[in-house]
Structures are given as C-alpha cells and as structure tokens.
Amino acid sequence: FYSLLGKAPVLLQKEVFGHIANRLQAAVWREAVSLVHQGVASVSDVDTALHEGPGVRWAILGMHAIFDLGGGPAGYRGFFEGPIGKGCYEPVWALMDAWPAPPAEAKEASIAGIQK
C-alpha cells in the first residue's frame, strides 16, 4: 500500500524504540554536536561536511551498500577487514562520545553556532 503512495517501506525484524531513520539521524546528530562541542569545527562547517560528503552518497545508496562497493572484490567483508574499515573507522569509533544525553555545554555550543 505505502509503495503505491511513493513511500519506501521497510520491514522491522525486531521492535525497537524510535523509527529506523530517526535512530540513524540521532547517531549522526550526536557526533555533529560532539564535533562542535570539542571545537573541531563550526556548526556551519560540520553541516557542510555532512551535506557535501556522505549526504550526497546517502541520497543514492544506503550506508551498507556504499561500503559494500567500497570493499572492492571482497565486498562488505573487505571493507570491514581492510584498511578503510580497520584503519579509518575503528580508531574513530573508539574515540567518539557515547553520551546518553548531550551535556549542557555541547547544546549551548551548537545553539550559539547556528545563530551565527
């Protein structure tokens, strides 16, 4: 039914809190707020990096499909086990903030940055 309305339904295999797209957006937003809070980049530059980087690719394919292609002949396994997955992403994951909620200073830094 929803496909007939131009929607792209997905099948939940297990119940979780929140919509899949909103959960993914929350993860990206948490990192965007963290980068501003840490003084890595301005709100504007974080937004630019997102919409000019992965945002362009995400408009065409999902994250898993993109990284499957990025793994070359070995596919997604090659991406996970190769120099990009192991060399680039694993070290970053180890350093990423895992807040249950954003600290007040992080919220204020992002709000101040968007008002510039």
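Visitor: What is the handedness of the crossing of α1 and α2?

Guide: The crossing of α1 and α2 is right-handed, meaning that the near helix is turned clockwise from the far one by less than a right angle. This is a predicted model, in which local features need pLDDT of at least 70 and side-chain atom pairs count only at pLDDT 80 or more, while totals for chains, interfaces and linings use all residues. Residues are numbered from 1 along each chain as its sequence is written, and side-chain values use heavy atoms, with hydrogens and water left out.

Helices here are DSSP runs (H or I, at least four residues), numbered from the N terminus. The axes of α1 (residues 20-37) and α2 (residues 43-52) come within 9 Å and cross at roughly 140°; axes are lines fitted to C-alpha atoms over the stretch in contact, and angles run from 0 to 180 degrees between N-to-C directions. That makes α1 oblique to α2, the class left after under 35 degrees (roughly parallel), over 145 (roughly antiparallel) and 65 to 115 (roughly perpendicular).

From α1, V28, A32, L35 and V36 meet V43, V46 and L50 of α2, where contact means heavy atoms within 4.5 Å.

Helix α7 (residues 104-114) contains S110. S110 counts as buried because its relative accessibility is 16%, buried being under 20% and exposed over 50%, with a 1.4 Å probe and protein chains only. S110 touches V33, V36 and V43, leaving out residues up to four places away in sequence. The cover over the buried residues of α7 includes α1 and α2. The face of α7 turned away from its buried side carries exposed E105 and E108.

Notes:
Helices (H or I, at least four residues) and strands (E, at least two) are DSSP runs, numbered from the N terminus.
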